[in-house]
Amino acid sequence: MLYQLYEFQRALLYPLTAWAQAASRSFANPASPMAYVPGATRFSAAYELLYRLGKDYEKPEFNIRQIVKDGHNIPIIEQTIVEKPFCRLLRFKRFADDSEAVAQLKDEPVVLVCAPLSGHHSTLLRDTVRTLLQDHKVYITDWIDARMVPIENGPFHLDDYVAYIQEFIRYIGAKDLHVLSVCQPTVPVLAAISLMASRGEDTPRTMTMMGGPIDARSSPTSVNSLAMQHSYEWFENNVIHTVPQNYPGVGRHVYPGFLQHSGFVAMNPERHAASHWDFYQSLLRGDEEDAEAHRSFYDEYNAVLDMAAEYYLDTIRIVFQEFRLAEGTWEIDGELVRPQDIKRTALFTIEGELDDISGCGQTRAAHQLCKGIPAARKRHFTAEKCGHYGIFSGRRWRTIIYPQLRDFILEHNKESRHKAEPVEA
């Protein structure tokens with residue numbers, strides 16, 4: 001019923017937001033006589049703010065058309081390589097006319113970016129992908145909104161997520177692959193590579209884990225506390241809803257994106273209120289650069305997706321309540337997940353000092369679990385004054401974290417490279 005009420009509210013708000021957008025443009029367009037009435041700038045700013053607070057936010061595009069590399073413009077083509085019911089494997093193909101540039105691009109490391117399936121679309125990692133493309137061939141998992149997946153495609157569990165990752169790794173080729181997981185996927189990615197190692201399969205050259213709940217017992221955050229304060233049955237009965245008639249996934253049980261978004265906002269309501277007020281002030285000042293930065297951020301932040309109920313509830317139980325990966329009790333199709341069986345894959349863990357989603361120590365716990373990886377092939381980095389989103393997007397990601405990740409991948413991309421300096425796990 002809640003989902004239906006939400007859709008009803010959207011339908012009611014649509015005329016208001018459309019009117020607010022039109023009014024804002026009328027007071028801002030020099031060709032309109034309304035632009036010359038006293039207070040026109042304030043009216044335009046207020047109506048745009050109203051429009052943005054009430055509008056629907058659809059999935060954004062990656063919109064990575066080219067990069068600049070060594071002074072040359074490198075065109076980028078986004079390709080769908082593998083298409084599954086709940087995920088697409090995308091590749092960002094780089095092109096060059098110069099033969100030397102083509103040879104250089106061809107020899108650069110291959111990276112699979114495992115995007116989180118935790119409410120936002122994979123485009124949240126746009127800055128991650130754009131930066132990686134400077135020095136790597138890049139693939140990314142693009143998870144599909146569960147409300148868009150017809151119910152006849154069946155359920156989607158956390159175990160299925162693990163199977164998807166394994167299929168993508170095999171498709172690209174594990175021997176020369178570097179896997180990067182951001183936030184939520186650190187757990188299923190570590191499980192996927194662990195199972196491949198236990199079976200004697202090739203595993204990627206490196207795995208980098210950024211800000212994820214490998215062991216959610218370390219430095220618990222409000223996210224962890226919520227999962228511990230309520231029973232599995234509470235989540236099943238209170239946050240799972242049915243997709244309504246106007247979507248392809250009608251009848252599917254999901255954890256709706258609008259509930260996840262409400263949770264995101266509730267974690268820092270004052271910050272969001274201040275941000276919207278600053279946006280209004282920027283419009284009054286005519287500071288279009290700041291205003292556009294606000295629009296870009298919230299176009300991404302407010303675009304959310306539904307998660308399949310089975311997957312969401314599995315994650316609550318396995319990751320945040322029973323800690324099966326950290327405890328060594330996680331079984332998938334009768335196979336025990338054994339990170340200690342990973343031996344040939346180098347490990348890099350990255351955390352943000354101010355991360356309020358995955359607390360300090362939660363990602364680093366992978367070092368203790370991966371006992372089979374030599375200490376010289378392990379590395380950890382904690383980014384000072386860096387929050388959760390800052391470890392994969394923004395200035396600190398580009399100038400502080402990425403250079404270390406790039407060097408780590410390059411170091412282990414060729415067998416002749418020197419091994420990483422040992423660190424305490």
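A nonpolar patch, as I use the term here, is made of residues with over 30% relative accessible area and no salt bridge, with nonpolar side chains joined within 5 Å. Keep in mind that this is a predicted model.

Let me begin with the surface. One such patch is formed by Leu13, Leu16, Trp19 and Leu50, and together they have about 340 Å² of accessible area. Helix H1, residues 2–28, gives the largest share of the patch, three residues. Leucine 50 lies in helix H2, which covers residues 40–54. Is leucine 50 buried, exposed or partly exposed? Its relative accessibility is 35%, so leucine 50 counts as partly exposed.

Now to the aromatic rings. A pair of aromatic rings is described by two things, the distance of the centres and the angle of the planes. How many aromatic pairs does a search of the whole structure find? The search finds 26. One of the pairs is phenylalanine 27 with tyrosine 47, stacked at 6.0 Å centre to centre with 15° between the planes. Because phenylalanine 27 lies in helix H1 and tyrosine 47 in helix H2, this pair ties together parts that are 20 residues apart in sequence. Phenylalanine 27 is buried, at a relative accessible area of 12%.

Another pair is tryptophan 143 with tyrosine 161. The ring centres are 4.3 Å apart and the planes are at 25°, so tryptophan 143 and tyrosine 161 are stacked. Tryptophan 143 is in strand S5, residues 137–143, and tyrosine 161 is in helix H5, so to speak of distant parts of the chain, the two are linked across 18 residues. Tryptophan 143 counts as buried at 2% relative accessibility, and tyrosine 161 counts as buried at 0%. Both residues belong to a cluster linked by ring pairs, whose members are Phe86, Trp143, Phe156, Tyr161, Tyr164, Phe168 and Tyr311.

That brings me to helix H5 itself. The buried residues in H5 include Leu158, Val162, Ile165, Gln166 and Ile169, along with Tyr161, Tyr164 and Phe168. After H5 comes glycine 173, with a positive phi near 110°.

Last, two charges over rings. Arginine 317 lies over the face of tyrosine 232, 3.7 Å from the ring centre. Arginine 379 lies over the face of phenylalanine 348, 5.8 Å from the ring centre.

Definitions and conventions: Residues are numbered from 1 along each chain as its sequence is written. This is a predicted model: local features need pLDDT of at least 70, side-chain atom pairs count only at pLDDT 80 or more; totals for chains, interfaces and linings use all residues. Side-chain values use heavy atoms; hydrogens and water are left out. Buried means under 20% relative accessible area, exposed over 50%, partly exposed in between (1.4 Å probe, protein chains only). Helices (H or I, at least four residues) and strands (E, at least two) are DSSP runs, numbered from the N terminus. Patches are made of residues with over 30% relative accessible area and no salt bridge: like charges are joined within 9 Å, nonpolar side chains (Val, Leu, Ile, Met, Phe, Trp, Tyr) within 5 Å. Accessible areas come from the Shrake-Rupley method with a 1.4 Å probe; for residues, only the protein chains shown count as cover. A salt bridge is a side-chain nitrogen of Lys or Arg within 4 Å of a carboxyl oxygen of Asp or Glu. Rings of Phe, Tyr and Trp (its six-membered ring) pair if their centres lie within 6.5 Å; planes under 30 degrees apart count as stacked, over 60 as edge-to-face and the rest as tilted. A charge sits over a ring if NZ of Lys or CZ of Arg is within 6 Å of the ring centre and within 35 degrees of the ring normal.
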